[in-house]
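The paragraphs below go through a structure from its sheets to its helix contacts and then to the meeting of its chains. Please keep the sequence and the 3D view open while reading.

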Protein chains: 2
Amino acid sequence: MEVPKGHPRYESLKKREALLDFYERGIVTVSGLISQGRGEAFDYLIGEKSQDFALDAEKAAVARMAQSKRPVISVNGNVAALAGPEVVKFAKRYNLTVEANIFYWSKERIERIVDHFRGLGMDVLGLNQDARIPGLESDRGRCEREGIFSADTVLVPLEDGDRAEALKRMGKFVITIDLNPLSRTSRFGDITIVDEVQRAFANFANFDEGDCARLLKSFDNSSNVRRSIARISERLSSMKEWPEL
Amino acid sequence: MEVPKGHPRYESLKKREALLDFYERGIVTVSGLISQGRGEAFDYLIGEKSQDFALDAEKAAVARMAQSKRPVISVNGNVAALAGPEVVKFAKRYNLTVEANIFYWSKERIERIVDHFRGLGMDVLGLNQDARIPGLESDRGRCEREGIFSADTVLVPLEDGDRAEALKRMGKFVITIDLNPLSRTSRFGDITIVDEVQRAFANFANFDEGDCARLLKSFDNSSNVRRSIARISERLSSMKEWPEL
């Protein structure tokens, strides 16, 4: 099944293909496939592009990561499938630590994610989980002392709500990427990015750093989230037809 | 992973479990899992219950099925996973033909769906595909002459847009069930039901037939679809928080 380039939903269908490929390679789980479907639906509502509310949150996030002492990016199977090269480009530009950290724990799957990033030219943490995020049941809380455990700022794309909350309780500055602006994960974000992960990481890597620093100074996360909800609702009421799901 | 009964999203999580179970049994495809995720997102927007616009369309649909000469219900893997017993109860009450008809064709998968319904006490068509829906590539168009091919009214829950369009072009009366009121499938419905399939079939089986006949007389599908879109948009703009996805 080749997706023709001219298809109105080319980008979305290519992402779905990537997910299926990574599912077959044992990196994405069946739950990850269902999550992708939810993401697709919210991305329609958002318009399948990075809206102004997303770009502002993304600039603030880059400035915050650049100013942090121990910033860490957490990556799971879906992030690896959707945005591997973009994560690497961003992490290299700002010298950020990346840690493979998955919701349904499996040693093999962590190893495959680490191998995948190694193939993209980047060593990531995750093989040596020697610490725990307090308040989560054992496998859910696994992380590395040198990575997420001692981070001051964590960027958690496609994260579970309980984990986002647990990281917040540890006193970390939490940056979320989630297409649903009203999810628990989004609610626990100190900076809440409502955008698709591949677009978000591609943007991160390309912003002007001065722009980002200026944006962060005046950034108000609550009002930015409210702006995203208002815009999605307006868009929905004005739409005559969505492209085929 | 037992889902506790008190969980605010118990019903939704049980449905997800059912999908995963049917995926492991070779009845649901990986694409079906992604579809389920999209459905979950739209069902949040709708409120995870059968709204008035859904109940009206469902009553009209029951009346239309009851008044048709050759009404057929098309069932795929996701419908089998989500609403098998409800489909059987409805079909038996109104003596309706059911045909297994899947998007990604596989003999084994058709057989498993037929077996599943036989286990629920109902013989369904689908093993003897001897006709084609014109205008669809070969495997996509397969159907039974005694079933979908010669039906005057087809109920197509969770159907692909191209197939819904092709059935319309054959001159059939098409009743769709789709959680996205703006999908191409929904647009091709003569009656467009915006509801979750298990809820829809459970409602079908329980309505008073006289009520349904009265409702059909004044039913206007376009205005009912517009009502659903307006309601979803209102709901979104008034929501403070969604439950965890």
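In chain A, five strands make up an open sheet in the order β2-β1-β5-β6-β7, with parallel pairing. Two strands count as paired if DSSP finds at least two bridges between them. Helices (H or I, at least four residues) and strands (E, at least two) are DSSP runs, numbered from the N terminus. The model is a predicted one, in which local features need pLDDT of at least 70 and side-chain atom pairs count only at pLDDT 80 or more, while totals for chains, interfaces and linings use all residues. Residues are numbered from 1 along each chain as its sequence is written, and chains are lettered from A and ligands numbered from 1 in the order in which they are written.

At the edges of the chain A sheet stand β2 (97-100) and β7 (191-193), each with a single partner strand, so one side of each is left without a neighbour in the sheet. On average, neighbouring strands of this sheet are turned by 20° against each other, direction ignored. For this and the later angles, axes are lines fitted to C-alpha atoms, for helices over the stretch in contact, and angles run from 0 to 180 degrees between N-to-C directions.

Strand β1 (residues 71-75) of chain A runs parallel to β2(A) and is joined to β2(A) by four bridges. Within this pair, A:Ser74 stands opposite A:Glu99 of β2(A). Helix α3 (residues 52-67) of chain A packs on the sheet, where α3(A) touches β1, β5 (153-157), β6 (173-177) and β7 of chain A, and the direction of α3(A) makes about 135° with that of β7(A). Residues are in contact if their C-beta atoms, placed from the backbone, lie within 7 Å. Another helix, α4(A), lies across β1, β2 and β5 of chain A and runs at about 160° to β1(A).

The helices also pack on each other. Two packed helices are described by the angle between their axes and the distance between the axes. For α3(A) and helix α10 (residues 209-217) of chain A, the angle is about 100° and the axes are 7 Å apart. The two helices α3(A) and α10(A) are therefore roughly perpendicular to each other. On this scale, angles under 35 degrees count as roughly parallel, over 145 as roughly antiparallel, 65 to 115 as roughly perpendicular and the rest as oblique. From α3(A), residues including A:Asp56, A:Lys59 and A:Arg64 meet residues of α10(A), among them A:Glu209, A:Asp211 and A:Leu216. By class, this contact of α3(A) with α10(A) holds eight nonpolar, no polar and five charged residues. Here Ala, Val, Leu, Ile, Met, Phe, Trp, Tyr, Cys and Pro count as nonpolar, Asp, Glu, Lys and Arg as charged, and the others, Gly among them, as polar.

Helix α4 (residues 77-94) of chain A also packs against helix α5 (residues 107-119) of chain A, at an angle of about 20° and with axes 10 Å apart. That makes α4(A) roughly parallel to α5(A). Their contact brings A:Gly77, A:Ala80, A:Gly84 and A:Val88 of α4(A) to A:Arg109, A:Ile113, A:His116 and A:Phe117 of α5(A). Four nonpolar, three polar and one charged residues make up the contact of α4(A) with α5(A).

In chain B, helix α4 (residues 77-94) and helix α9 (residues 197-206) have axes that come within 8 Å and cross at roughly 10°. Thus α4(B) and α9(B) are therefore roughly parallel to each other. The contact of α4(B) with α9(B) has 10 nonpolar, one polar and three charged residues.

What remains is how the chains meet. In chain B, 29 residues are in contact with 29 residues of chain A. The elements that give two or more residues to this side of chain B are α1 (10-24), α2 (30-46), α8 (184-187) and α11 (221-238) of chain B. Of these, α2(B) gives the largest share, 10 residues. The side of chain B that touches chain A divides into 14 nonpolar, eight polar and seven charged residues.

How are the copies related? A rotation of 180° with 0.0 Å of shift along its axis superposes chain B on chain A, with RMSD 0.0 Å. That is the relation of a two-fold axis. The superposition is by least squares on the C-alpha atoms of residues with pLDDT of at least 70 in both copies. Of the interface residues of chain B, 100% are also interface residues in chain A, so the copies meet through the same surface.

Notes:
Contact = placed C-beta atoms within 7 Å.
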